[in-house]
Protein chains: 2
Amino acid sequence: MERHENTEQEILRAAEQEFLEKGFAGAKIMSIAQRAGVNHAMIHYYFRTKENLFNRLFEEKIRLLTTNLYPALANTEQPLIERIKNTISSHFDFIAENHNLPRLVVNEIISNPKRRKIFRQKIQFAIKTLKPALQTELDQLADNRQIQHIKAEDLILDVVSLNLAIFILFPLIEGVFADDNKTFLEHRKEENIKVILSRLNYKI
Amino acid sequence: MERHENTEQEILRAAEQEFLEKGFAGAKIMSIAQRAGVNHAMIHYYFRTKENLFNRLFEEKIRLLTTNLYPALANTEQPLIERIKNTISSHFDFIAENHNLPRLVVNEIISNPKRRKIFRQKIQFAIKTLKPALQTELDQLADNRQIQHIKAEDLILDVVSLNLAIFILFPLIEGVFADDNKTFLEHRKEENIKVILSRLNYKI
DNA sequence: CTTTGTATTAACAAAATTGTTAAACATACA
DNA sequence: TGTATGTTTAACAATTTTGTTAATACAAAG
């Protein structure tokens with residue numbers, strides 16, 4: 001009998017891979033078991049159902065996603081423009097490290113109204129705590145003619161859109177625009193920052 | 001025995017809905033049959049397998065996607081900036097009318113290496129026919145100080161990213177930023193144009 | 001009005017997937 | 001040592017999903 005150091009963790013690790021690649025419907029208990037190197041009964045032993053296992057992972061990931069935009073923006077030591085640059089950069093890096101996560105979240109939220117409702121509330125909360133202060137700062141800079149006026153929500157959506165899309169598109173365009181993926185992504189990160197700063201019309 | 005006007009078309013219509021909503025793995029023959037109001041054996045009668053039915057629809061959709069960016073850009077009557085505005089706008093509208101299509105294409109291309117290869121070749125071809133002329137025009141305007149210098153491929157990716165992402169994100173943020181979806185999307189379309197024109201640093 | 005080919009249905013079969021269980025096993029600890 | 005506890009396995013069962021077929025209805029052509 002093969003004893004694992006920690007079967008439960010192995011299963012979670014394997015399941016995370018499988019779900020991220022194939023989504024809930026495409027993932028198969030047998031395939032997860034194989035990846036984890038365990039008998040598929042173990043998955044039922046530890047998690048009872050496929051849905052259980054999925055929910056456990058999914059909720060953890062949602063937490064990750066919904067708390068990611070704050071930190072770089074909140075650090076009020078630096079001037080806003082610097083913080084925006086850092087936010088774009090760290091948001092980009094976060095998605096790079098979790099490049100399948102947005103796709104999974106979108107897919108599973110669309111196919112599950114209950115999850116959708118919960119998620120929207122989290123987003124709503126995140127926006128509510130982010131927007132007012134950001135808008136105030138943006139308005140101040142705009143009044144000083146340092147940037148062009150913009151609604152905080154548009155800025156947020158512009159950033160998220162640019163960063164997100166490049167990773168969603170990546171499997172479709174890998175190798176089309178550049179041979180070296182790492183260089184390509186680094187370049188796109190800079191481009192995204194450039195786009196946002198242009199939108200703000202920031203001088204120097 | 002219930003006779004349909006055109007069973008095959010009914011099945012295709014229903015299958016399109018189902019696949020767009022749930023993806024290949026999530027779609028069920030029985031559910032498609034129900035939507036089409038036919039016995040599920042009819043699906044096998046007309047298309048033999050689920051995969052057949054899927055491929056038939058998928059290839060048609062790929063054709064749509066890969067030919068969508070051209071027309072508004074190609075019309076060399078107008079000045080480039082106008083054509084770019086129109087391209088953004090019509091690309092946006094196209095995705096609006098096919099808001100589930102990008103998600104489906106990305107998902108199924110990721111889970112199928114053969115499809116991925118074919119698609120990349122199509123993209124590669126589309127880029128090859130689009131990029132040189134566009135780059136020449138962009139360089140000319142940049143030399144005349146009418147716009148900031150930009151690589152054609154970055155411009156294309158910026159446009160596609162902004163337009164795509166808002167519809168991929170839409171199910172997650174519906175109702176968060178605005179009550180009226182139509183107004184929200186119209187506003188985002190304008191914002192995307194504004195972002196791109198700012199990036200080009202176009203005066204007036 | 002019969003023949004012929006296509007369309008439809010229900011019932012069945014096969015395959016894939018998820019879930020269950022009883023028995024074997026490992027380990028710690030009395 | 002033996003026994004209690006949690007872990008693992010293989011075999012099985014249930015369910016879901018896909019695919020097949022034989023019987024039959026229907027419409028059009030001869």
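A:Arg145 is located in the loop between H8 and helix H9 (152-173) of chain A. This residue belongs to a predicted model, and its phi is near 65°, a positive value in a residue other than glycine. A:Arg145 is also exposed, its relative accessible area being 71%. The points below treat backbone geometry, pockets, aromatic groups and selected helix residues.

**Backbone geometry**

- A positive phi is also found at B:Arg48, again a residue other than glycine, with a value near 70°.
- B:Arg48 belongs to the loop that lies between helix H3 (40-47) and helix H4 (50-66) of chain B.
- With a relative accessible area of 60%, B:Arg48 is exposed, because the threshold for that class is over 50%.
- In chain A, the residue just after H2(A) is A:Gly37, which adopts a positive phi of about 70°.

**Largest pocket**

- The volume of the largest pocket is about 620 Å³.
- Its lining comprises 30 residues, of which A:Lys22, A:Ala25, A:Gly26, B:Lys22 and B:Gly26 are the closest to the pocket centre.
- Both chains contribute to this lining: helix H1 (7-26) and helix H7 (101-110) of chain A, and helix H1 (7-26) and helix H7 (101-110) of chain B, each supply at least two residues.
- By residue class, the lining of the largest pocket consists of 10 nonpolar, 10 polar and 10 charged residues.

- B:Lys22 lies in helix H1 of chain B.
- The relative accessible area of B:Lys22 is 39%, so the residue is partly exposed.
- Apart from neighbours within four places in sequence, B:Lys22 makes contact with B:Ala27, B:Ser31 and B:Arg35.
- Although B:Lys22 and B:Asn100 are 78 residues apart along the chain, their C-alpha atoms are separated by 9.7 Å.

**Second largest pocket**

- Helix H4 (50-66) and helix H8 (113-143) of chain A each provide at least two residues of its lining.
- Among the lining residues are A:Glu51, A:Asn55, A:Phe58, A:Ile62, A:Arg115 and A:Phe119.
- The lining of the second largest pocket divides into five nonpolar, two polar and five charged residues.

**Aromatic groups and charges over rings**

- Over all chains, 18 aromatic pairs are counted.
- One pair is formed by A:Tyr45 and A:Tyr46, whose ring centres are 5.0 Å apart; their planes stand at 80°, so the arrangement is edge-to-face.
- A:Tyr45 is exposed, at 63% relative accessible area, whereas A:Tyr46 is partly exposed at 32%.
- A:Phe19, A:Phe24, A:Phe54 and A:Phe58 together make up one aromatic cluster.
- Two rings of this cluster have a charged group over them: the charged end of A:Lys50 sits over the ring of A:Phe24, 4.5 Å from its centre, and A:Arg115 lies over the face of A:Phe58, 5.0 Å from the ring centre.
- A:Phe58 and A:Arg115 also take part in the lining of the second largest pocket.

**Buried residues of H2 in chain A**

- Helix H2 (residues 29-36) of chain A has A:Ile29, A:Ser31, A:Ile32, A:Ala33 and A:Ala36 as its buried residues.
- The elements that cover these buried residues include H1, helix H3 (40-47) and H4 of chain A.

Technical notes: Residues numbered from 1 in each chain as written. Chains lettered and ligands numbered in written order. Predicted model: local features only at pLDDT ≥ 70, side-chain atom pairs only at ≥ 80, totals over all residues. Heavy atoms only, no water. 1 Å grid on protein atoms, 1.4 Å probe; cavity = no way out; pocket = protein on both sides within 12 Å on 5 of 7 lines; lining within 4 Å. Points joined across faces, edges and corners; volume = space filled by probe spheres on them. Helix = DSSP H or I, 4+ residues; strand = E, 2+ residues; numbered from the N terminus. Nonpolar A, V, L, I, M, F, W, Y, C, P; charged D, E, K, R; others polar. Phe/Tyr/Trp six-rings, centres within 6.5 Å; stacked < 30°, edge-to-face > 60°. Buried < 20%, exposed > 50% of the residue type's maximum accessible area, 1.4 Å probe, protein only. Lys NZ or Arg CZ within 6 Å of the ring centre and 35° of its normal. Contact = heavy atoms within 4.5 Å.
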